[in-house]
Amino acid sequence: MTIEAWLKAAIADAETRKLPELKALLEALAKSTTALRQADFNDDARR
Amino acid sequence: MMTIEEFGRRLRAREVSAEQATEACLQRIEAENATLNAFIRVTADDARQAARERDRELAAGHDRGPLHGVPISIKDLIDMRGLPTTAASRVREGHVAARDAAVITHLREAGAVFVGKTNLHEFAFGTTNEDSAFGPARNPKDPSRSPGGSSGGSAASVAAGMALATIGTDTGGSIRIPAAACGIVGLKPTIGEVSTDGVVPLSRTFDHVGPLAQNVTDAFLLFHALLGDHIAAPPAPMPLHGVRIAVLRKYFCDVLDEDVRARFEEAVARLRDAGVHVDEIAIRHADLVSAIYLHISLPDAAAYHALTLDTMPERYTPNVRMRLEMSRYLLAEDYARALAGRDALRREVDAALAQHDALLVPTLPIPAPPIGAATVEVAGQSQQVRAMMLRLTQPFNVSGHPVVSMPAGTTRTGLPVGVQLVGCRQQTDALLRIALACEPTISKL
């Protein structure tokens, strides 16, 4: 799942659950997840 | 206030009794707790009774060791038989601990006297102690400021003379952050070294139990008591000359308050002058620590709180509830990536210590922040308080290495500054020996 798709789904779910305050937190978390996924310690099935 | 070591000398010389020391702490609590809000529960009657029993034991020739008759406080995240463990949350209303946490069992056997249970950031899920069902604890150095967190009430209790020492927990820095903010010593042992049995978890992967104390010797005595070793004597002083310490600058010194930077550089210079061999090295993935930490600790917290988030969400403080709700959205694949990152970071810290006796970094990049502040200005830039508080401590929760935070002077406005010494995993005693040797040089700035 891409981070963009994950964030979109998470925000939609939060709104459904009437938790709009989560949007800013989830956006910040998405930045952190992006950094984590770009790290060179991650596995890559091509290597 | 007496240190544990000084109290022990005077107790055995019959210059002071456990009852007198306990009464002095209870009087400080009576005088200061309305302002500092350090204690959620004061166990005055039990403490007086226990102190009198310790005095009778000693008079009869039964000496339990260095903690005999020592009045201490306990973070209200740790089970004590017959008392509520509130975790500073309304979610825990009605809870009464059926038995002691493992560390409480050890402390009772060591003869400690418990004066009460201390305030904390709700469920230890924060760094300032502001989000507590019992209101914020306050910093004895300046009550308009946070004592740090999550063990904020614990640190405040020691800094204000309400207890000779205290026991806290540390998942991202919750012993070392308040120790630095309040000007005392805090020890996070090696991961897994001290039992967390009977302690409300935040992240079972990163949770540690450890002492906050007035000096390194007291931290040593408490650490050994937490292990069940009640009769440990502090190690003999070792010479500083020839000790090899590595300063981590990249990431760890990138964002520092001007006064914090000045005190840290003075500490480094003094250690060099005392004969310490100081190198400068880097931890390659240090700038990814926050991402690694979040993607492991948040799923841990989400799993623990899932049921109560669904059934009684209104009982959480709003900020803690929202961060826990956020935690429920993380993906399993990102958790797995973070585990790989943790292993990489651990290897890098191990490698840094292969050629050095300890690593040296600041504890907090900023002094204790004002209560209610979401951001602070650091070197001309606005920074999130939460990120600042965790920035320099959480790397070693992720890596699992033992760390001592000790005072290193104050800012120009008198707020404490702390520095951390990091040691090899499973070698907490060796780290404490180095900290003991460095303490007169670092802590007398």
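How much of chain B counts as buried? Of its 445 residues, 62% do, where buried means under 20% relative accessible area, exposed over 50%, and partly exposed in between (1.4 Å probe, protein chains only). Keep in mind that this is a predicted model, where local features need pLDDT of at least 70, side-chain atom pairs count only at pLDDT 80 or more, and totals for chains, interfaces and linings use all residues. Residues are numbered from 1 along each chain as its sequence is written, chains are lettered from A and ligands numbered from 1 in the order in which they are written, and side-chain values use heavy atoms, with hydrogens and water left out.

**Overall fold**
- Chain B has 14 helices and 13 strands, counted as DSSP runs (helices: H or I, at least four residues; strands: E, at least two) and numbered from the N terminus.
- Its radius of gyration, over C-alpha atoms, is 20 Å, close to the 22 Å from the globule rule for 445 residues, so chain B is as compact as a globular protein of that length. That rule is 2.2 Å times the number of residues to the power 0.38.
- The C-alpha trace spans about 60 × 60 × 40 Å along its principal axes.
- Take the contacts (heavy atoms within 4.5 Å) in chain B with a separation of 6 or more: 75% of them come from residues 24 or more positions apart.

**A look at B:Arg342**
- B:Arg342 sits in helix α11 (residues 332–354) of chain B.
- This arginine is buried, at 19% relative accessible area.
- Leaving aside residues up to four places away in sequence, B:Arg342 touches B:Thr205, B:Phe206, B:Ile292, B:Ile296 and B:Val398.
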